[in-house]
Amino acid sequence: MSKIMSMITKRVAASVTGTSLATAAVMLLLAGSAAAQSPPPPPPPDPQADKPAENPTLAFFKNTELSGFVDTYYAYNFNKPATPCVTVGGVADFNCLHNFDVAHNSFSLNMAKLALEKKPTPDSRGGFRVDLAYGQSAAIIGGYDTAPAAVNSTIEQAYLSYLAPTKKGSLQFDFGKFVTPAGAEVIETKDNWNYSRSLLFSLAIPYYHEGVRMNYSPNDKVTVGAQLTNGWNDVVDNNSGKTVAFVATLKPTAKVSWSVNYLVGPEQAIESSPTRNLFDTTFSFTATPKVSLMLNYDYGSDKINDSGVSWQGVAGYAKLSPNAWFSLVPRVEFLKDGDGFMTGTSQNLQEFTLTAEFKHKDGVLMRIEYRNDHADTDYFIKETDEKVRNQSVFTIGWVYAFSSKTP
């Protein structure tokens, strides 16, 4: 605009000598009028102006992770048992003391699972998780509950979450059914080092709880929490008491993790049920990117007919990974069940497992495993229903896992 006025003014000044002052004044007035009528330059475009509002349904699914896996296996028991050791949830266990990998000389579906999870955040403090499971493992887990197994075996977890506002750290509450904090191993095969579960996982700890839990993390090195639940594997409480749990996890460095759990409460389905205690701790150490070590210890106690009973055990693991697609994992453990509370027989047990894992980058893994269990009594079943002290099982497992979450 200023350039236009300057040019017009110069022209007017140049023409003053050849025209009258009146004519020059008229020309200046006309120039000012034209300049006043010139439109101002348009404002810069707003990048948000043409952006459509986000669909609430799409926003919900964008913040919700869909994950799952399919887990199948083949197992061969060299004792060739003709009858199962026990039947739980309608599933016959031919590999005594094994948990989930229970079939002999058969291809089997261990578990197929789908999970939906929306984690609470400071921008959206409500959340939830639902895990739907099907297969032998789901049926076995549901078989230990007092609730109808047909319903309970399909829902591994189902809880809602709330992230409370805090000045420092993270404080989260969960309400519903959730897996136990105890143990070095979990229900999902893909998240363990071996294919078969340890004696401690199978016998010394619960699978899940129904109730409320709280976890507080002041920083990324410490997490402490507490739980108030119905008890061990109880969607519907089997007595009038409740179980309390205290949990803590310390991660002083990226290579070290130490968790401690203590559970106390009445667990038997009788009036005036005695108190059960469980102390569980797991220590893991990543020595190098190719060598990891882990140790798990459990001690539990209860009462039967006013007589105290107890059990305890320890499991040691080593994971050797020379490259990204192969790992070799030996596991050794000992379990003392002198009162027969866990196994029904007063005995001491030990097992050795050697697992070779082959992992593909697209979520497929295969594990080849040899496991030997030994008891100091005649406990394991042979093909003639004879009882012996040893059992050896060869297993090949295949797992495919997926997630909608971007790595």
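Y159 and F178 are both buried in this predicted model. Their ring centres lie 6.5 Å apart and the planes meet at 80°, so the pair counts as edge-to-face. Y159 belongs to strand β6 (residues 155-164) and F178 to strand β7 (residues 170-179), so the contact ties together parts that are 19 residues apart in sequence.

Another of them joins F100 and F201. Their planes stand at 75° with the centres 5.9 Å apart, so this pair is edge-to-face. F100 sits in the loop between β3 (91-93) and β4 (106-118), while F201 is in helix α6 (residues 199-204), so the pair links parts 101 residues apart in sequence. F100 and F201 are both buried. They also belong to one aromatic cluster, together with Y144 and Y207.

Why do both pairs count as edge-to-face? Planes over 60 degrees apart fall in that class. The angle is 80° for Y159 and F178, and 75° for F100 and F201.

Rings also meet charges here. The charged end of K177 sits over the ring of Y208. The charged end of R276 sits over the ring of W232. The distances to the ring centres follow.

| Charged residue | Ring | Distance to ring centre |
|---|---|---|
| K177 | Y208 | 4.3 Å |
| R276 | W232 | 4.7 Å |

Methods
Residues numbered from 1 in each chain as written. Predicted model: local features only at pLDDT ≥ 70, side-chain atom pairs only at ≥ 80, totals over all residues. Heavy atoms only, no water. Phe/Tyr/Trp six-rings, centres within 6.5 Å; stacked < 30°, edge-to-face > 60°. Helix = DSSP H or I, 4+ residues; strand = E, 2+ residues; numbered from the N terminus. Buried < 20%, exposed > 50% of the residue type's maximum accessible area, 1.4 Å probe, protein only. Lys NZ or Arg CZ within 6 Å of the ring centre and 35° of its normal.
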